[in-house]
Every structure is written in structure tokens, then in C-alpha cells.
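Let's take a friendly walk through this protein, looking at its pockets and at some of its charged pairs. Have the sequence and the 3D view ready as you read.

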Amino acid sequence: MAKTMVMDHPLIQHKIGIIRRKETGTKDFRQLISEIAMLITYEATRELELTDVEIDTPICKTTVKELGGKKLAIVPILRAGLGMVDGMLAMIPSAKVGHIGLYRDPVTVKPVEYYCKLPEDCENRDVFVVDPMLATGGSSVAAIQMLKDKGVKNIKFMCIIAAPEGVKAMQEAHPDVDMFIGALDEKLNEHSYIVPGLGDAGDRIFGTK
């Protein structure tokens with residue numbers, strides 16, 4: 001069973017407290033989403049493989065650690081997931097970025113793919129699927145299944161706020177995917193919004209409401 005890690009770092013908790021406030025404007029909201037993503041990335045990459053490399057310092061030769069193993073890819077779920085990419089790239093600038101677009105069919109209420117563009121060698125990379133909100137889990141479950149169908153084997157999921165219903169859906173559908181969550185909230189309301197949550201992350205990132 002993969003692990004589910006809810007962040008307890010004071011900086012993450014503090015910044016999530018600010019983005020929850022309805023008076024936090026688009027500019028600050030966008031900046032904080034990026035910063036929180038950066039901090040969660042710090043935790044989510046803790047187990048990356050290292051390899052020994054010999055270098056010259058100004059004083060002498062020495063052996064240092066460098067990232068080894070598989071290369072990384074970041075795959076945001078459009079559109080809100082885009083808000084997390086810059087913060088993650090600040091930490092892992094060599095990562096490639098893919099994109100997955102899904103919309104919810106109004107009749108079946110199931111996610112439908114409308115866009116998918118991945119790095120060519122995505123199946124050989126450690127892939128971080130990112131979305132600020134994990135509500136019902138429908139989009140995340142579908143996005144990860146799309147990646148698996150394309151041969152991707154090493155997948156982690158990162159979000160900033162999750163509902164227990166979404167976490168359960170992900171654990172049942174993808175028990176092999178580690179999850180890194182900024183804050184685990186109380187529940188979903190009748191409109192499938194996370195409570196207490198922060199409203200619609202996409203609208204708040206892009207100022208469309």
C-alpha cells in the first residue's frame with residue numbers, strides 16, 4: 001500500500017491559512033499556491049535516489065551527492081494544476097512538464113479527457129501529478145489511469161487541500177500511488193466543494209470569478 005502523507009510543516013499550514021481567506025486576492029493567492037507547491041515538493045522528493053560524483057572544489061577533489069535514478073516529470077491537471085508548476089520547477093528545474101485536461105460530463109458526471117500532452121519519455125520518469133484540490137477524486141483518478149494506460153509506472157500525486165472522500169477514492173483506485181497533501185479537510189458539501197476548503201482554486205488562481 002502506498003503512503004498518504006499530510007503535511008505538518010508550520011510554513012505550509014500558515015500559507016494554507018492565508019489562501020483559505022476569501023479576502024486574499026488573485027496575485028497573493030497565485031503566489032502562495034506556488035510557494036506551498038514548492039514546500040510540498042521538498043517533502044515529496046525526500047526519497048529520490050542519490051549517486052556519488054567526484055568533483056574538484058577550489059581546495060581539493062571530493063565526492064558529492066547528485067540526483068541519480070529516474071528523471072522527473074510534472075503533470076498538472078488543467079487548469080488549476082498549472083498554479084503549482086512554477087513552484088515545483090523552482091525546486092526541480094530539470095523536470096519536464098506534461099498536461100492533462102479533463103472536464104466533467106454533465107450527464108454521466110464522469111471525467112472526460114479533452115487534452116493530453118506528455119514528455120516523450122514519460123514512461124521512464126518519476127511523474128508527479130498535481131492539482132490544488134482533491135475533492136471527489138474523479139479527475140485525479142482518471143488522470144492517473146490515463147498515465148498508467150500510456151505506460152507510466154512511477155506516479156506520485158500532490159495536492160494542497162483534500163477531502164476524505166477524494167483520498168478514499170484515490171486509495172481504492174490507485175493503491176500504488178503515494179499522495180502528498182497540504183491539508184486534509186472535513187468533508188464535501190452537497191455541491192462537491194471541500195469544506196472548509198477555499199472555494200474554486202482555478203477561479204482564484206486565474207481571477208475568473
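Does Asp203 count as buried or exposed? With a relative accessibility of 14%, Asp203 counts as buried. Please keep in mind that this is a predicted model.

## Asp203 and its partner

Asp203 forms a salt bridge with Arg79, and their closest N and O atoms are 2.8 Å apart. Asp203 sits in helix H6, while Arg79 belongs to the loop between S4 and helix H3 (85-91), so this pair ties together parts that are 124 residues apart in sequence. Arg79 has 33% relative accessibility and counts as partly exposed.

## Two further salt bridges

The structure holds 10 salt bridges. One of them links the side chains of Glu47 and Lys3, at 2.7 Å from N to O. You will find Glu47 in the loop between helix H2 (26-44) and strand S2 (50-56), and Lys3 in the segment before strand S1 (4-6), so the pair joins parts that are 44 residues apart in sequence. Glu47 counts as exposed at 61% relative accessibility, and Lys3 is partly exposed with a relative accessible area of 31%.

Another salt bridge is formed by Arg20 and Asp185, whose closest N and O atoms are 2.7 Å apart. Arg20 lies in helix H1 (residues 10-20) and Asp185 in the loop between strand S11 (178-184) and strand S12 (187-188), so parts that are 165 residues apart in sequence are tied together. Here Arg20 counts as partly exposed at 25% relative accessibility, whereas Asp185 counts as buried at 8%.

## The largest pocket

Now for the pockets. The largest pocket has a volume of about 770 Å³. Its lining is made of 28 residues, and Arg104, Asp131, Ala135, Ser139 and Asp200 lie nearest its centre. Among the elements that give two or more residues to this lining are strand S4 (71-78), strand S6 (99-104), helix H4 (138-149) and helix H6 (201-206). Sorted by class, the lining has 14 nonpolar, 9 polar and 5 charged residues.

## The second largest pocket

The second largest pocket has a volume of about 440 Å³. It is lined by 22 residues, and those closest to its centre are Leu48, Lys70, Lys71, Leu72 and Asp126. S4 and strand S10 (154-162) are the elements that give two or more residues to this lining, and the largest share, 3 residues, comes from S10. The residues of this lining divide into 8 nonpolar, 5 polar and 9 charged.

Technical notes. Residues numbered from 1 in each chain as written. Predicted model: local features only at pLDDT ≥ 70, side-chain atom pairs only at ≥ 80, totals over all residues. Heavy atoms only, no water. 1 Å grid on protein atoms, 1.4 Å probe; cavity = no way out; pocket = protein on both sides within 12 Å on 5 of 7 lines; lining within 4 Å. Points joined across faces, edges and corners; volume = space filled by probe spheres on them. Helix = DSSP H or I, 4+ residues; strand = E, 2+ residues; numbered from the N terminus. Nonpolar A, V, L, I, M, F, W, Y, C, P; charged D, E, K, R; others polar. Salt bridge = Lys/Arg side-chain N within 4 Å of Asp/Glu carboxyl O. Buried < 20%, exposed > 50% of the residue type's maximum accessible area, 1.4 Å probe, protein only.
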